[in-house]
Structure formats: structure tokens, C-alpha cells
Amino acid sequence: MSDDNENSTIATGGGFGLSHDSWGRLVLIDSTGRRHSGVEPVRAFPIADPQHWISICDAEGRELVLVEDLENVPPAVRQVLEDELARREFVPHVRRIIKVSTDVEPSEWEVETDRGPTRFLLNSGDDIRRLSPFSALLIDVHGTRYLIEDTRQLDAHSRRVLELYL
Amino acid sequence: MDDVTPTPANSGAWKALSDVWRPRTASLLAPGEVLLAWFEADLDDRLRYASRLVLLTDRRLVAVDDPEAAKQLALSANGAAGNLAPVGGFRQWPHQPTLTLRLKELGGLGTLELFDETGRLAVWRYTPTRNSAAHRLVQRFEGLGETDGDWEAEDAVLACPGCGVPLAPDQTECAACTGVSAAPNVSSLVRLGRFARRHFGMVAVGFVLSVSATAAGLIPTYLTMPLMNDVLIPHQNGEAVNFGVVPWYLAGMAGAAIAAWLLGWGRTYTLAWVAERIAGDLRTAAFAHLQKLSLEFFGGKRTGDLISRLGSDTDRICFFLSVNFLDFAGDILMIVMTAGVLFKLDPALAAFTLLPLPFIGWLVHRVRDRLKRGFQHGGRAWSELTSVLADTIPGVRVVKAFAQERREIERFRRANDHVIHANDRVNATWSFFGPLVTLLTEAGLLVIWAFGVYYIAQNQVNVGMLSVFLLYNLRFYARLDSMSRMVAASQRAAVSAQRVFDILDRVPSVAEPARPVQTGQLQGQIELRNIGFKYGTRTVLKDVNLTIQAGEMIGLVGPSGSGKSTLVNLVCRFYDVSEGSILVDGTDIRSFAIDEYRQHIGVVLQEPFLFYGTIAENIAYGRPNASRAEIIAAAKAARAHEFILRLTDGYDSLVGERGQSLSGGERQRISIARALLIDPVILILDEATSSVDTQTEREIQEALDYLVQGRTTIAIAHRLSTLRRADRLVVLERGRIVEVGQHDELLKGTGAFARLHQAQLEMAHGDASP
């Protein structure tokens with residue numbers, strides 16, 4: 001998607017700085033030198049293109065800076081930005097599916113993730129969102145997301161379970 | 001004019017005249033008289049179907065009431081003035097300023113009246129099929145004395161031979177005259193062959209496998225005869241027998257059975273594969289065709305019916321092809337081969353065996369028609385049922401709000417009863433038919449036993465031969481029995497196929513031109529030239545003339561039902577005009593390829609429709625290859641960017657049927673971004689802000705103001721205040737333009753717009769004061 005960059009009409013976040021203040025809030029210093037505290041970084045395409053188009057909004061949700069490509073951000077600022085984004089995202093990656101009750105909806109899933117084993121409820125098969133031929137996002141009844149990065153990496157049993165839904 | 005063209009044959013109207021009328025009309029016209037228009041009324045005074053011709057020439061108006069009498073009459077060159085009395089089947093009125101023609105159309109009946117200063121001179125009545133032709137006659141009558149050259153040019157290009165209605169360039173058939181498309185009169189199952197052709201290789205393989213499997217299946221039975229005659233019977237009779245050949249016979253039988261199994265497996269798989277492809281292709285073809293049909297088609301169809309045709313009907317065809325058709329082909333092969341073997345063994349016995357066959361054939365023929373009618377009935381009942389579902393499920397909020405669940409259940413139950421009833425009728429037919437075939441089968445076996453015993457007693461055949469016959473016949477009649485079931489299945493599939501072909505045979509009423517003109521880069525100048533539009537018998541638009549400059553913003557106002565939405569639908573070419581033409585940059589829009597033309601048009605509707613998918617996909621709906629930067633830019637311009645960022649998945653959030661539910665204003669801003677992204681030359685805003693509150697309207701308005709810049713815009717709005725930025729306002733009333741002008745200019749006047757504005761002000765005041 002980097003070939004899209006040339007015809008972009010949006011200013012990429014050049015001169016801006018990021019830091020934390022003593023209350024732990026994220027502070028943005030924009031190109032005019034103004035300080036905005038309590039800003040929030042948001043990925044515009046968290047699934048399709050997480051490394052591009054990161055928007056930094058103020059507490060009211062107004063956009064202050066739109067970063068087109070993280071590569072173009074100075075390493076120090078980028079570090080802060082990526083840490084902050086990582087702290088906001090809780091998407092366990094499913095490594096193994098242990099058990100699924102498939103006969104009735106909602107179905108109960110027992111899985112092993114990169115953040116440890118867990119169990120959750122899926123309302124229906126519609127809550128499994130296919131992202132690509134080999135990856136999928138599961139959204140449980142509480143809105144928590146679980147990512148299956150690559151079904152080919154899973155064991156045979158997990159693949160058989162998923163085959164029903166994908 | 002007279003000296004140049006003495007014959008009437010050169011006029012365009014003349015060419016369009018039907019062959020029936022042409023010789024009769026020729027005798028009526030004087031030398032040098034030019035036929036300008038004609039109109040064939042199709043009812044008489046007492047509203048019975050009859051043919052009445054009205055001719056408009058450059059000299060007079062002629063009415064031919066009796067076509068037969070007209071044939072014998074010739075008229076003197078200078079049609080005597082004042083000759084108003086009916087003369088032998090025709091009447092005539094020379095042109096004079098006091099003559100007026102008037103049209104009335106009401107409730108599917110049209111009346112054309114001719115008046116002069118003394119009163120009514122003549123009346124013609126006609127059905128709505130003649131509406132356009134009547135309008136045309138009146139138009140030309142009123143335009144007498146103006147330049148005739150235009151008409152000639154017009155006539156030379158366009159005219160339907162049936163009714164004289166002008167045709168679009170490249171349009172070969174008149175939409176008013178051609179009713180239902182003529183479906184090829186072959187069985188719809190045969191027409192499925194078109195879809196099988198693509199998979200010819202696999203079909204051929206399947207056929208070869210089928211023949212071999214059937215042949216292999218016959219071998220074990222055939223081997224029974226030598227086993228009986230050469231081994232078992234001699235042994236029973238106390239003769240010394242060579243049991244050494246028995247294993248060979250048995251091995252042969254086993255081998256043939258295994259071969260038949262393997263071949264049958266291959267055959268079933270191959271043909272099921274082909275059936276799945278055929279049904280799949282049929283579904284895709286039907287859906288692709290459906291997408292090409294105009295809005296008019298969808299307006300008259302129920303969603304449930306279409307879904308059931310595309311869904312369950314194609315599935316039924318697939319099931320038939322993969323299961324029943326396979327059996328059927330196998331059965332036919334088996335029957336033919338068995339019959340061959342039987343005749344080879346003993347022609348006389350074989351002839352007796354096949355005795356019940358013609359009777360079964362006759363029975364099948366009788367039953368087939370009954371079943372076909374039954375299944376047609378069933379198919380319609382099923383559509384009815386699906387329609388109830390398609391109605392009720394999206395409208396569930398209304399159902400619940402009015403506490404009408406019970407009624408909907410009742411409606412569903414009634415539709416369901418209908419299905420059951422229809423199926424009962426079919427079941428009654430074939431439940432009788434199936435066992436009857438079984439009975440005939442038994443009869444066939446009985447015949448063989450009787451003749452077999454008789455023949456054996458006469459020593460004409462041996463026991464081995466008889467047992468082979470019996471074995472073959474068991475098979476034979478078992479096949480016949482399954483074929484009788486096949487009759488029902490094939491009729492059901494034929495009806496399903498017919499229902500799918502119904503869609504495929506429908507000719508789009510908005511026709512693609514045969515040789516489309518390239519649109520190129522359009523400027524966006526729109527000219528509505530004398531356009532008229534009818535929906536059924538209702539005239540929605542009439543004689544609308546308007547030129548919109550490139551980049552101009554036009555506000556369309558008027559009461560509900562005044563034809564505003566129809567007008568923009570015509571500009572979008574969702575429908576085609578009934579009369580006149582719409583030109584963009586001087587070219588008739590009917591000569592552009594439809595999809596190429598629509599790429600230049602952006603539409604924002606009152607109820608934005610978002611498809612199931614991500615927000616990014618919805619914004620990029622008109623240009624799927626748009627880059628993310630462009631999507632963000634469009635969303636920002638439409639004031640949608642920031643609320644999208646607040647969603648959990650940003651631009652990747654799912655919208656549509658499920659997923660993130662957005663508010664009306666948010667959905668509208670996404671649809672504005674969608675229109676912005678395709679960067680259209682022409683923009684249509686159809687009540688874009690009327691379904692939202694004032695606060696949201698202000699937000700949307702901001703986005704809209706950005707959107708209209710530099711584009712030819714036609715905006716419809718109920719709230720007149722939202723059209724303040726329009727360059728000109730066009731006020732429509734009952735399908736006609738009644739006022740055109742700038743906002744302030746119109747306000748100062750006392751016309752329709754000033755009245756509308758006043759009414760809205762009063763409403764607003766009424767709302768404000770308690």
C-alpha cells in the first residue's frame with residue numbers, strides 16, 4: 001500500500017513531538033509548538049493496514065495529526081506512539097482451539113492464546129470475520145477480539161473446527 | 001413543398017405507418033399532400049375494440065372511421081373546404097386557426113377531441129398503449145406552421161412501426177408495443193443444455209462411464225444362463241458335470257460387479273460435478289442479468305419471488321441434474337440394453353415381456369401435464385411464502401410496533417397452507433401413478449411366467465433361459481418404476497428452470513445501445529428536451545424543457561408526487577423517457593453505454609444504503625481500487641473522518657445488516673463520501689437531508705456544500721431553506737415546470753414557490769408556538 005503515498009492529499013505528520021506528562025497522559029506538541037495533553041492515537045485501518053494512517057486525536061475526538069506511515073516518524077516519537085498503541089490494543093492471538101460447542105448458539109470456545117488460555121462465547125457464526133483466506137477475527141459477546149493469524153499454522157483439530165465457519 | 005415532393009411516401013410519418021393502413025391512406029392523400037403524423041385510435045364510441053385512423057397532413061385533418069370504405073375512395077387534390085359531414089367512411093377538416101385538439105387521459109382510457117369555435121367536431125377513444133402516439137399527434141398539430149424539417153429528421157431516425165412512438169437511437173423494439181419477450185418455445189430443460197456445453201468434456205466422460213457401467217451391470221445376469229443350463233440343470237438331471245468352470249463363472253460375475261461399482265462411482269461423481277457447475281452458472285447468469293434490468297422491473301417484482309427463483313429453483317435444478325437425471329440416463333440405457341439382450345435371446349418371449357411398455361408410455365404422457373400444472377402452482381405458492389418472509393423480516397419493527405405479529409403469523413400460515421395444498425395435488429397424482437406402474441410391472445412378470453411355463457412345456461425354451469428372462473425383467477421393471485418417479489422430478493425441475501429462464505429472457509427496458517458513444521470527459525451540461533414520462537397509465541412528467549449549465553446547481557421543489565424524483569431518475573437513466581430526450585453535453589444519454597454514463601453521476605439518496613462490509617469498502621463502492629489516502633480524503637471532505645476514527649475498528653469497522661450500527665446522519669455522511677470519491681460531473685441529491693434532525697442536517701449540509709462545488713447538481717429538498725445556495729430553483733407541479741428562477745426572485749413574486757415558502761413558514765411558526 002506504500003504506492004498510495006504519492007497522491008495523498010493529507011499532510012503527513014512531520015514536525016510533531018510526543019511525550020508523557022506526570023499524570024501519565026500522552027502529550028502532543030504540534031508543529032506550531034502548542035501542547036495538547038490527553039491525546040489518543042488511533043489506527044484508521046487497524047485490520048487492513050495497521051502500520052499506516054495513524055491519527056492522533058484530542059480528548060474530544062478531533063484529529064490533530066494524521067501519520068501516513070510510521071516509517072517516516074523519527075524513531076523516538078515512533079517508539080512512544082507504538083508503545084501507546086500497543087497498550088490500547090487487546091487482541092489475543094489464538095494459537096490452538098481446544099474445544100468448541102458447536103451444536104447450539106451461542107457457542108462456547110476454549111482456546112489457547114499468546115496471552116494464555118481462555119474461554120469465551122460467540123453469539124453466532126456471523127461473529128467470525130474472515131480477513132483473508134487464512135486469517136480471521138473472532139468477536140465474542142463482550143466485544144473482545146481474538147485474532148487467528150494464519151489457519152495453516154494451527155493443528156489439525158483447530159483447523160477442522162474452523163473449517164465449519166470459514 | 002409541393003413542387004419538390006409530390007408523393008407522400010417520402011415523409012417519415014408515412015414510413016412508420018403500418019402496412020395495413022398504407023394503401024388505404026394513399027388513396028386519401030392528394031398529390032403533393034404531405035402526411036405529418038397519424039394516430040390510430042383503438043376503441044370506438046361505445047368502447048369496443050376497433051380501429052380508427054386520424055391523419056394529420058399539411059392541409060387538413062382526416063378521420064378514417066371505416067377502413068374498408070376508405071379503400072375505395074380517392075380524394076380530389078384540393079380537399080373541399082368546409083366539408084364537415086361524414087363522407088363514405090371518412091371525415092375531414094381543413095386547417096384553420098379555430099381548430100383545437102384536446103387530450104384527456106383517465107383511468108386507462110384516453111379521449112382525443114377536436115373542437116372549433118362552434119363546438120365539438122369529433123371524438124376518438126383509445127387505450128393507454130396509444131397514449132404516446134396521441135400526444136405526438138397533438139404536439140404536431142399544435143406545432144403546425146413551425147419548421148417541419150425537424151420532424152422529418154426525427155421521423156427518419158426514430159419511429160416504432162407498431163404505434164409511431166419515437167424510438168431511441170439503436171433501440172430496435174418499442175417498449176410500449178413489445179410486451180413480454182418472446183421466450184423460445186422449447187422445453188426449459190433442453191435449454192439447460194446451453195449451460196452444459198461449457199463442460200462438454202466432462203459430460204462426454206460421464207456418458208462413456210455411464211454406458212460402460214450399465215453394460216458391466218448386465219454381465220452377471222447374462223452369466224446366469226450358462227451356469228444354469230450347462231452346470232446346474234445337467235447336474236440335477238444326474239449327468240456328469242464339469243464343476244471346474246464354476247469358479248470362472250463366479251469370478252466373471254464378481255469382476256463385472258466390481259467393474260460396475262467403480263464405473264458407477266466415476267459416473268456419479270462426474271455428472272454430479274457437471275450438475276453443480278450448470279446450476280452455479282445458471283444462478284450467476286440469472287443474477288448478472290437481474291443486475292442489468294431497470295428499476296422498473298424491480299418496482300413490479302416482489303423480493304421474495306426473485307430470491308426463491310434464484311435460490312430454491314436453481315437448487316432444485318441442481319438436485320434434479322445430479323440425482324434424478326443421472327438415474328434417468330442410467331435407466332434409459334439399462335432399458336435399451338436389456339431390451340436388446342432379451343430380443344437377442346428370444347424375440348417372441350421378449351415381445352411379450354415388453355407388452356406393458358406402450359401402456360406405461362401413454363400413462364406417463366397423461367400424467368406429465370397434470371404434474372407440470374401442479375408444480376407450476378406449487379412454485380408460485382412457494383414464492384408467495386418467501387415473499388411473506390421477505391416482507392415481514394425487514395419490516396419487523398413496524399410489525400411489532402403495531403402489534404401485528406398474530407396477523408403476520410396468520411398470513412404466513414395461509415401462504416403455507418397454499419403450499420401444502422399445491423403439493424397435495426401433485427402428491428395425489430403421482431401417488432396414484434407410482435403404484436400403478438408397479439402393478440403393471442407385476443403384470444409383466446406374470447406374462448413371462450405364463451408364457452415361460454407354456455414354452456418350457458412345449459420344450460421351446462429351457463429353464464436357464466427362463467430364469468435369465470425373469471432376472472432381466474426384474475431389473476427392467478425396477479428401472480421402469482424409478483423412471484415413473486422421474487416423471488415427477490423432471491416436471492418439477494422443468495418448472496423451476498422455466499422460472500429461472502423467465503428472468504433470463506426478460507429484455508432490459510433500459511436498453512444498451514448497439515454502438516455506444518464514448519462519454520469521454522463530460523462537462524455536465526444537461527438539456528431536457530420536451531421530456532414526458534408515464535408510469536403505467538399515469539402521466540408523471542409532461543413537456544418538461546430545461547437546460548442546466550455545466551456546474552450549475554438546480555434546486556427542484558414542488559409538492560409530493562409532482563415528479564421531482566422521477567425527473568432525477570430519468571437523468572440517472574434508471575428509467576428511459578417516454579417522450580422527448582435528455583441530452584448531456586449535446587448527446588442523447590441513450591446513446592451512451594449505461595455503466596459508462598453512470599460513472600459520471602453521483603447520487604446521494606434520502607435513505608443511504610450501506611452494504612454489508614467495512615466502512616472503507618462502502619466509501620469505495622463506486623471505485624473499488626481507490627487508495628486509502630483517497631478514501632480518507634473523501635471521508636474528511638464529507639465530515640465523516642472523525643466519527644469513523646471513534647469506532648473500534650476505524651475504517652475497518654463492519655457496517656450494514658449487522659456490525660456497527662450507525663446513526664442516520666453518519667450513514668448519510670458515508671454516502672456523501674462515497675459520491676465524493678467517484679468525483680462525478682453530475683450530482684443528484686434526492687432529499688439528502690430530510691431524514692435527519694436539524695443539528696445533523698447542518699453537519700451534512702457542510703459536507704454537501706463541499707460536494708456540489710464545480711459539479712452540475714440537481715438537488716431535491718422539502719425544506720426550501722436548504723436550497724438557498726442553488727443557482728436556480730425549478731418548481732414542479734403535477735409533472736410540469738411552473739416556475740424557474742433564483743431563490744430571492746421567486747420569493748418576491750406570488751407564484752407557486754412563494755406559496756410553498758409561505759406554507760412552510762406557517763408550519764414552522766405553528767411548531768414554535770405551543
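Mentor: Helices (H or I, at least four residues) and strands (E, at least two) are DSSP runs, numbered from the N terminus. This is a predicted model, in which local features need pLDDT of at least 70 and side-chain atom pairs count only at pLDDT 80 or more, while totals for chains, interfaces and linings use all residues. Residues are numbered from 1 along each chain as its sequence is written, and chains are lettered from A and ligands numbered from 1 in the order in which they are written.

Trainee: How many helices and strands does chain B have?

Mentor: Chain B has 25 helices and 19 strands.

Trainee: What percentage of the residues in chain B is buried?

Mentor: A residue is buried if 20 or more other C-beta atoms, placed from the backbone, lie within 10 Å of its own, exposed if 12 or fewer do, and partly exposed in between. Of the 770 residues in chain B, 36% are buried.

Trainee: How many residues of chain A are in contact with chain B?

Mentor: Two residues are in contact if their C-beta atoms, placed from the backbone, lie within 7 Å. By that rule 23 residues of chain A are in contact with 16 residues of chain B. On the side of chain A that touches chain B, strand E4 (40–43) and strand E5 (52–57) of chain A each supply at least two residues, and E5(A) gives the most, with four residues.

Trainee: At what angle do helix H13 and helix H16 of chain B pack?

Mentor: Two packed helices are described by the angle between their axes and the distance between the axes. Axes are lines fitted to C-alpha atoms, for helices over the stretch in contact, and angles run from 0 to 180 degrees between N-to-C directions. Helix H13 (residues 357–392) and helix H16 (residues 463–504) of chain B pack at an angle of about 35°, and their axes are 9 Å apart. Among the residues that make this contact are Ile360(B) and Phe375(B) of H13(B), and Leu480(B) and Arg499(B) of H16(B).

Trainee: Where does Arg734(B) lie, and why does Arg734(B) count as partly exposed?

Mentor: Arg734(B) lies in the loop between strand E18 (728–733) and strand E19 (736–741) of chain B, and Arg734(B) is partly exposed because 14 other C-beta atoms are within 10 Å. Its phi is near 45°, a positive value in a residue other than glycine.

Trainee: What is the phi of Asn530(B) near?

Mentor: The phi of Asn530(B) is near 55°, again a positive value in a residue other than glycine. Asn530(B) has its place in strand E8 (residues 526–535) of chain B.
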